[in-house]
Amino acid sequence: MDSSFRTPEQDREFMKAWEALKQQADNTVSDRILDYFSSEPGRLGDMTASCGDLTLDYSRSAMSLKVRDELLALLKHSGLDAARKAMFGGELLNNTEQRAVLHAALRGSARPTASGLGDIIGEVDAALDSMTRVVQRLHSGSWTGFDGQPITDVVSIGIGGSFLGPEVVVEALRPDWHDGIRVHFVANVDAADILNTLEGLKASNTLFIIQSKSFTTQETLTNALTARAWFLGDASVGALDDSAEALGKHFIAVSSNVEKAQAFGIDPENILPMWDWVGGRYSLWSAIGLPIACQIGMPLFRKLLQGAAAMDEHFLTAPLEENLPALLAMIGIWYNNFKNIGNYAIIPYDQGLNDLAAHLQQVDMESNGKSVQRDGKPVFSQTGTIVWGGAGTNGQHAYHQLIHQGTRVVPVDFILPLRSRQTGRPLSERIGIEQIQKHHRMLISNCLAQSQAMLTGKSLEQARQECLNAGMNESEAEQLAPHKVIQGNKPSTTITVPEVDAFTVGQLIAMYEQRIFVQGVVWNLNSFDQWGVELGKQMCSSILPLLEGGTDASELALDPSTAQLVQAALEANR
């Protein structure tokens, strides 16, 4: 297996740069971010970078320009150039599974030249054509169910990357939804998820998309079987002479396992491809993104791909000091490895992006939550980051308290659309455009206020004077003031986009994907396998037969706690 993308000479220079940064961390422990603005007059311009209309302002990050430059020097010795070439060229970057990593090819920005890959570009184009045919039939009303009625509801059944990415994009682009189609998502194996979804649907108008590369994922297959039972249990379907033919009109699949999909009852013409060179968490750009296309149409799905491709091109060509994924990656490296800050929050000030943090949580934590390097040796540093967040302004009435006054430092990526697309929705005219614009002005002001409060805080003297101005006496002010102190000096970045549309959503998600890739290169990880996920699946396969009564618990090496819980579950369901 490849042990590193660094040459021995690069590795020596890399470790020298690493040690220098450790010293910088010690030397700057008492620095205040606000002071950098006066000591570095060009800071704002030097710490602002763009890819098209998407702009990153990282001037409120907890680092001097000197530290920024040393981080970029570290990156130059990391082997990033070789790693980028390997990924975009289709080499077996996933060295534990001997697979190429070519999600960039799905958006047209990779031109794989490695041998043995076949005509990947041709396969991608063919898959897009297949998606186009499905979407055109749905949007025109010509895809009809078993009783001749047009499909109105599409239920996507998947989990992980087959769910999180598509769901985020569908919600983000609600102003672009096609009027005649409603897309629903089912992921959790808890029966409540699929039952809650099916309750308001009719079998005659519903199309199911089963999303599973292997067509063996336990949660997805269980939900798919439940959906099939619901469909076949419909009285009208049961009265048909050929329920199998009816099934074929209402189920399609995105999978590489055509045989299992057919055995399930899906027409071969309704099976769209997945490939080994696309990881699940990077798959929304493939036919896994079919629910997105069903909801917004293929032209906008292609616009999503174009936005991602623009970010890929920027990542490949922009100098490191202007390269958004590289800058975000190294800011994270500085916090994680040198400032001992192991988390960050993604807070978009857009309701449609509410679940963006959940998607990026999977991409980041599943990719770089590793404890061995590419050669299997233990890592030399802390890896991975805890990713969390949610939509502003909701968080201001929840976890922002911890951000402002807690003892933990939480770096924040604020994502701010400068314009609202809500003014174009039909209800806006009824309510009044000015009222909708007022919503967005409040949204912007809240975002800017939160980032400023993180930076400047409130001193004890300011808090005391505030109490006195409110009419308190000296004693009351002295007692209350310490509780109102906000330390400030909390780092953040702000990412602005003109508005949330298909192109900018593609840019944003691709930017974070490449950020995660860069960090994996620095830590010398395989960011594209997930053996920790596999262990839980294996253990589930052992425990499930116990709960179904087909295996004796004594045959398995269960720890005492698990054995006790299995027994409790068995007794509760007798």
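**Figure 1. The largest pocket of the predicted model.** The largest pocket holds about 1,200 Å³ of space. A pocket is an open set of points on a 1 Å grid over the protein atoms alone, where a 1.4 Å probe fits and protein lies on both sides within 12 Å along at least five of seven lines; lining residues have an atom within 4 Å of a point. Grid points are joined across faces, edges and corners, and the volume is the space filled by probe spheres set on them. Of the 47 lining residues, Thr217, Gln530, Val533, Glu534 and Lys537 are the closest to the centre of the largest pocket. Helix H10 (218-232), helix H17 (356-368) and H24 are the elements that give two or more residues to this lining, and H24 has the largest share, with nine residues. Helices (DSSP runs of H or I, at least four residues) and strands (runs of E, at least two) are numbered from the N terminus. The lining of the largest pocket has 16 nonpolar, 22 polar and nine charged residues. Nonpolar covers Ala, Val, Leu, Ile, Met, Phe, Trp, Tyr, Cys and Pro, charged covers Asp, Glu, Lys and Arg, and polar covers the others, Gly among them. The structure is a predicted model, in which local features need pLDDT of at least 70 and side-chain atom pairs count only at pLDDT 80 or more, while totals for chains, interfaces and linings use all residues. Residues are numbered from 1 along each chain as its sequence is written, and side-chain values use heavy atoms, with hydrogens and water left out.

**Figure 2. The second largest pocket.** The volume of the second largest pocket is about 790 Å³. Its lining comprises 29 residues, of which Gln351, Gly352, Ser420, Gln422 and Arg425 are the closest to the centre. At least two lining residues come from each of helix H8 (164-172), helix H19 (426-431) and helix H20 (433-456). H20 contributes the most, with five residues. By class, the lining of the second largest pocket has 11 nonpolar, 11 polar and seven charged residues.

**Figure 3. Positions annotated as active site.** An unreviewed UniProt entry places the feature "active site" at Glu366, His397 and Lys537. UniProt positions are given in the numbering used here, feature names are shortened, and annotations may be inferred rather than shown by experiment. The annotated residues span 172 residues in sequence and their farthest two C-alpha atoms are 37.0 Å apart, so they do not all gather at one spot. Glu366 and Lys537 are included in the lining of the largest pocket. Lys537 belongs to helix H24 and is partly exposed, at 38% relative accessibility. His397 is in the loop between E9 and H18 and is exposed, at 75% relative accessibility. Buried means under 20% relative accessible area, exposed over 50%, and partly exposed in between (1.4 Å probe, protein chains only).

**Figure 4. Salt bridges.** The model has 24 salt bridges, each a side-chain nitrogen of Lys or Arg within 4 Å of a carboxyl oxygen of Asp or Glu. Arg107 pairs with Glu513, with the closest N and O atoms 2.9 Å apart. Arg107 lies in the loop between H6 and helix H7 (120-140) and Glu513 in helix H23, so this pair ties together parts that are 406 residues apart in sequence. Both Arg107 and Glu513 are buried. In the salt bridge of Glu40 with Arg43, the closest N and O atoms are 2.7 Å apart; Glu40 is buried at 13% relative accessibility, and Arg43 is buried at 0%. Glu13 forms a salt bridge with Lys16, at 3.2 Å between the closest N and O atoms. Glu13 and Lys16 are three residues apart in helix H1 (residues 8-27), a separation of about one helical turn. A network of salt bridges links Glu461, Arg464, Glu474 and Glu478.

Figure 5. Most residues other than glycine have a negative phi, and most peptide bonds are trans. The peptide bond from Gly392 to Thr393 is cis, with omega near 15 degrees; Thr393 lies in the loop between strand E9 (386-389) and helix H18 (400-405). Gln98 has a positive phi, near 55 degrees, and lies in the loop between helix H5 (80-89) and helix H6 (103-106). Asn524 also has a positive phi, of about 60 degrees. Asn524 is in the loop between helix H23 (502-523) and helix H24 (531-547) and is buried, at 6% relative accessibility.
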